[in-house]
Every structure is written in C-alpha cells, then in structure tokens.
Amino acid sequence: MTRSDVPRPWSISFASALALSVSSVGAAIIAAEFLTRLLNAEAIVSSLFCAVIFAAWFEGLGAALLAVVLGVLAFHCYLAPPSSASLWKHELFVATVPGEVPRQVLFFITATVVAIVISAQRKTANDLQRSGNDLLVAIEDQARTEAALRRSETYLTAAQKLSATGSFGWDVKSGDIVWTDETFRIFGCDRTTKPTIASIVQRTHPEDRAAVQRIIDRASRDREEFDFEHRLLMPDGTVKYVRAVAQAEKGASGGVEFVGAVTDVTAARETELKLRRSETYLAEAQRLSRTSSWAWDARLEEFVYRSQEVYNLFGLDPKSDTVSPQPFYDRILPGDRERVIEKVHQAVRGKADLEVDFRIALPGGSIRHIHSVGHPFLGEDGEVEQLVGTHVDVTEQYLAKEKLQTAFDEIKRSEDRLRLVVDTIPALVWRSTPEGIPDFLNQTALDYTGLALDQAETGWPRAFHPEDKKGMLQKWSAIRASGTPGELEARLRRHDGEYRWFLFRAVPLRDESGNIAKWYGSSTDIEDRKRAEEELRRSESKLIEAQRVSQTGSFFWNISTGERVGSEELFRILGYDPSRVLTFEMILERVHPEDRALVAQARERALRECQDLDYEHRFLMPDGSVKFARVVAHVGRNRAGELEYVGAVVDVTETKRAEEKLQKAQMELAHVTRVTMLGEMTASISHEVNQPLAAVVNAASACLRWLDGATPNLDEARRAAEWIIKEGNRAAEVIRRVRNLAKNAEPQKELLDINGIIDEVIALVQRELTTRQVGWRLELAPALPVVLADRVQLQQVIINLVMNGVEAMQPIVGRAHELVIRSYQDEARRVVVDVTDSGVGIAADSADRLFNAFFTTKSGGMGMGLSICRSIIEAHGGRLAAANNAGPGARFQFTLPTYQEEAA
C-alpha cells in the first residue's frame, strides 16, 4: 500500500461545510432550548461551542469559522428580548441588550480559538493516521523485501552447496575476509573461525603455498582480478582441488575490495584422471582386441584423428603421420579400394552410418580382413562434418566363418545326410525310459555292440564288463534318482569281444510338468585316455628322474589356502627330507642371507599383484656351499576360482659357473680385439708420439742455445723448458691411452662424460683419419648427463665404429669421405651416439647378420668387432643398431641409460 492508497472519507467542499455548520448550529439551538426548558438553565453557549467543535473536527477550519459566525448570530438572537431562542424577533438587528456585547465578543474569540485548536488537532490526527498508514506500508514492503532476501539467500546457499561453490569478500585495506557457509565447508573450517590470509595459506597444499602467496601479494599490490587453481591439504590428509576467481571493486569506505567465488573442482579433477585412465584402458583394449578408432573430416577429406592401433593394423609408422588418407588407401587391395571410397561418399551424401568390409595387404605380404563402421556427425548447416568410427581386424572371424560356412554347406548338400547326423557322430548315442530301459541306440552304437535295434533293451546291459556291471547299475540308479545330469565310466564289449573303456553321460529331458520323459546319453570311447593316464603315471616316474637329472624341482602353491607341494627334486635341491611339509619358512631358511630380502619381496609381490614369477637367487647350504637357483612360476585359477602358482626351481649353479667362464673368455677376446686394433693403428700412434717427442728435442736444443750464450737468456730458456714439459705430458697422455686399451683389466664402471670419451677417441684416431683423407666432424650436444660405464670398453666401441666407417669409405671414388660423430638425448632421455659415414652402406643380405660372431665383409676381418661391441653395449644396459642413410653411407648408433635412470 502507498501513500496515495490512504482513503479520504471526507472531501472538503463549501456545500458540505455549509450544511454541516448549519445543521450543527441548528442542533445546538434545539439542544439549548431543550436544556433551558428542562433544567431552567442557559445552555446556549455550551451548545454552540459543541457545534463549533463538531464542525471543526469533521469539516475543518472553514466549516468551524462558518459555525462561529452562525453561533454569534444565534447567540445574539438568544440574548435579544424576549429572551428565548425559539422565537423569531422582528427587531433582531436593531435591538441591543445592554452588557451583552462583551459576552458576544468573548464568545466569538473563544469559539474562534476553539475552532482553530480543534481544526489543528484534526489535521494532526489526519497526518498521524496517514503517517501510520505509510509506516504500515513501509513495514509491509520491508517484510516482503526481507522475505525475498531470505529466499534469495536460501537459494544462493542451496545453489552454492549443489555447485560446490562458495563466495567470499576481502577488504584489502583492513584485511577482513567474509565467507559463506559453503566456503567454510570447502576449507573445512568452523563458522566460528575468523578467516585470514594466513589461515588460507596454511590450509593450502605445501607444494602450492608459494604460488598462492604470490598471487595474493600481486592482487594486494596491483588491485587486479585473479583466477587460479590450487590444492588444499585437509586435516584428515585428503587433498582438494579448488578454483578461486575474484574481481576488484571499490568499497563503501573508498578502499578496494575483492568479491569472488571458490569452487571445489576435486570431482572434475578426479573425472579427468578417470578419463585419462579410461583412455589408457581403451588404448590397451583396442590393442588386445585389434580394434582401432578414427575420425574423418568430410569437408577437408582428411583424417583428424587415428588411434595408435590404426597404424599397427595397417602396418604404418605413426612418426610419419600425415593427414592424407593416401597411405591407408594404398594398403587396401585394388579390388576393394574404389568400393570403400564410394561407401564413404555415400555415407556423407546420405548422412547415414558407414559399414564396409575390405581387405588390406601388409608389407610382409599377408592379407587381413577389416570390418569398418562409422557414424556421421552433422554440422550447424545440417551437412556431415565428420565421420567417427572403428576398424576391427576380423581376419580370424572371417576365416572361421568361411570354415563354418563350408561345414554348413557340406551338411546341407544332402537331406539324407542331415537325417543321418546322429548316426555319423563318432560317439555311441542312446536313449532310455525314465526307468532306465534303453529304447534307442544310434547306428554307431549298434555297429559297435553288434546288436539289432530290437535287442537294445536286453543286449545293451549285457554288453558291460562283468567286473563293471554292478558298479555301473548302482551309479545309473543314483543318477536317475537324483534327476540331474551325471556320468560314469565302464568297459563295454565290442562286437568282436574286445572290451574298451567308455565315458557314459546322461541328461534328463523333462516335459511341461517337470517330469522326466526320457534320458538321453552319449558314450565316448576313452580307451586312449585310460591308456594315456597309465602312460602319464609312467611319465610322472620318468619326470621325477628327469628332474633329478636336470636338477629341476617343481612346486605348487595355493595362495588362498597357503598349501605348498614340492617334488622330490625340490627337496633334494633344498637339502630337506621329502617327507616334511614344505613351508615358506623352510625355503627362506635356505636362502642366502644377502638374497632373503629379494625372495621376500618376490613373495609379497606375488601375493599383491598375482603375476608370473621369474627371478634368480642363491641358497646357502648347511655345509657352507652356495647354490644358484632360478625360480619360474605361472599364476592361474583353479576350478574354485582360487589363485595358484605352478612353477619350477632350477639349480643353475653349473650354468652360472659356465657363464663366468664364458664372460672371462669374452673379455679376453675383447682384449685381443683391442690389441689387434691398436696394431692396425701403429702408424697413427707412432705419429702421435713422435710429434711431441720431436717438439721436446727442438725445445731442448733451443734451451741449450739460450743457456750457452754469452749472457744466458733465462726467460727464453724457462719458456723452452715449459714447452718441453707440455710436450712430454702430451706424449705421456697418448701412451697412457694406448696402454689402457692394451691392458687386460677387469671392467671398472665409473661416471663418465660421453663427449669426453669421444674426444679421447678422436685424439687416438685423428692421424689415421688424416692419413686416409677422411674429413670428420663432431656434433656433440652440450651438458649431456653422465653414464655409468667402463671407459676402456666405450673407447673400444667408438674406435671400432669409427674405423669401420673409415674402411667403408676407402673404395669410394668421386665424392668426399666424411665421418660425422653426434651425441644427444632421445625422447626416452637416454644418451645416444651416432657414427655416420659416406661409404658403401650395408648390403641388404648382410643387414640381418651384421652383428653375428665371425661374420665379416672385410677380406682380412675376423668378424668379431661388431659382435663384441654389441655385447659391451648390452652389458651396459644399452642397444646397438645399424641402418643405411637416406643418402650414401651407413649410420651406427648406440644408446646408453643415464646414471639417474640406471640408479632408479
């Protein structure tokens, strides 16, 4: 309700004022006359005052003044003789009553004052009434506003809770911070806690505190809005991901205030993590099921997405990825290619799903059958924008379908043959009544027993072996009584009198009421299985002997029950009595103290991850001898679904000793190879030694001349002596390097800079490169991580690769002989060394045998250099490979793990 809505029951007008004044004065005269007659008293003044008050209260000051005037006239009329208010007096306006004029004046003044006072009171009362009405309207408006505000706050609180978003206000100048309930919940704080910058930073994850503090400091300084994500470390140890967004506004005090929101995005982060995990699972599932996914841009006619399995399926390298579909079209057989392209165009034109089968030819010559399906996605213009689909390798299904179709065709060729299917089954098929009396035998059963169909009821039971008949009848009765499928084994006489073992299976056929109508069964010849079981028993005996000879013990371990069973040979390897019950404590007691932690960890990993086992460790026997053993086990589930390990423990002590002898022989062979290589480099080494020695001689001669002069020049002599020392050290360094390569020492791994090793090799072979007119260039990446390796062995590998490259370039005429040595890190952060030449390259028929022992393309080579190099690199955890260049020549490359990677 507004001010204009206040009702006004009395509208002020002259007519209403005149009427009210006349009527009130008339009423006052009548009342005065009545009182005068009744009480014999003059009541005219009081009555007229009442009339004035009445007029002033109900019609205001105008009506009251009019009533005053009428009252004066009435008062004058009343006072004029004869003294009576009810009579009309002809000389009213000329007759006067002595002494009554002052009374009339006093009445006029008093009545006027009363009229003014009463009118003022009336006006005040009306104003108060209007003010009260306005106050009621304002109170109602405020109540509605407060109710709307409470509803808004309720909606906001509910919305913040549902969206996990809390709001806040921050007065930068005073440092005051205001949080909503949801903000307190997100930060895990009680509402009685006063939020501060320090408490916010304290609740922030330690790894994010520095970044959060910087953002707060920048916001305080620059008064700019911010938007960032960080983590909260909750009191219970859980981690929340939150996003804080705020903008700066000018506060009521003139300072800067930040108003913003904090959103709990933990669920979104967890969803992202699950999505990435799902993508990983999808990629693995595609790999296992040979299913790949793709996306085709119908407008650009190019692929916008292809999963890794697409490349694997088509035999293409993902590193040479292009958006062009041509490499994939080239894989499709020509007979299918145009049909596939047309199917794609039809799907785009018709805005329909794509489904097509085609064949591809892989580089190895094999043919694969592919089933491809796709779904169109329309753009805003209603046209197909993309086709998204999958490729499925259905080669096995296709072949199986062909075989199945062939089998079906064979069955369908003749209706007569279809009727004889039962008779052609290589098993004996029979049928009996619910009482167990046979009433049908297939032709195979009749042929086997030599019975006629009408002899089945009596002849079939007689065909069982006398020793098996009683047990068979008891089991057959038990199966019929149970009403469930069952089986039994017994011997059955053939028509020629020979008995053979059969497996009898019976299944009941029930009618609509659930009663057994017939028993159907089959009898499968298991004579061979019985003989195999007997053979298996004999084989087990032989296996025990074989395990003893091969020093291999087998074991069984049920993880769920803890049951462990070991063969006799396993007990012999462990040095225990086979009559004992095998336990893990018994095994651990025999394990070498230094390997017990390894074995315990393998056991814990088996219990935790349920993966196959394959590791080696040592046994310390009671007599102090040490055995080396290899443990191999496969995990599976039994019929009860329990995890079981079946494995073997092989005594590889003799193998280890043979490996040590082989390793020693390989070291000696590598030493011979190094010495041979040094022999081939004799001229270069002699030159490298002669150069500093010649410089030493010249410097010594100069020193003598400076000292033999009339006035010895000591400064020049000192410089000559320093030159002698420098060149002498240079010669000593060359000799040291040659000596390191020549001596037959045990490998000693140390932290090495691969670039330094390359520089040392270049110092040794530089003369050889110059002599053979080979240009060389080093492209070494700076600050490579160190590797843990044997210096001499790495030098041997690099020298061998360099000399092979030099020899490969000698037959080349007409182009420059250039050798490039590079070092860098690959994508796996491993150290890589490339030795590239411009020689004859690697022949196609030699590529597969390049690293084989005793294989060489040199007329006088032994064929051991590259084989030894590969053994050295693999012993360091690396890999050595070779390939032809895009241009002339070949590239030999080896990779080594960094020290940090190897330590990890």
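Trainee: How many disulfides does the structure hold?

Mentor: A disulfide is a covalent bond between the sulfur atoms of two cysteines. Taken here as a pair of cysteine sulfur atoms within 2.5 Å, the structure, which is a predicted model, holds 0 disulfides.

Trainee: Is C869 buried or exposed?

Mentor: Buried means under 20% relative accessible area, exposed over 50%, and partly exposed in between, with a 1.4 Å probe and protein chains only. C869 is buried at a relative accessible area of 1%, whereas C610 is partly exposed at 27%.

Trainee: Where does M621 lie?

Mentor: M621 lies in the loop between β18 (613–620) and β19 (626–637), strands being DSSP runs of E, at least two residues, and helices runs of H or I, at least four, numbered from the N terminus. M621 counts as buried, with 9% relative accessibility. Contact means heavy atoms within 4.5 Å, and, leaving aside neighbours within four places in sequence, M621 is in contact with I573, L574, G575, R590 and K627.

Trainee: Where is confidence lowest in the protein chain, and where is it highest?

Mentor: pLDDT is the predictor's confidence in each residue, from 0 to 100. Its mean is lowest in helix α13 (residues 415–419), at 51, and highest in strand β25 (residues 831–836), at 94. Over residues 1–12 the pLDDT is below 50. Where pLDDT is low, the predicted coordinates should not be read in detail.

Trainee: Which conventions apply?

Mentor: Residues are numbered from 1 along each chain as its sequence is written, and side-chain values use heavy atoms, leaving out hydrogens and water. In this predicted model, local features need pLDDT of at least 70 and side-chain atom pairs count only at pLDDT 80 or more, while totals for chains, interfaces and linings use all residues.
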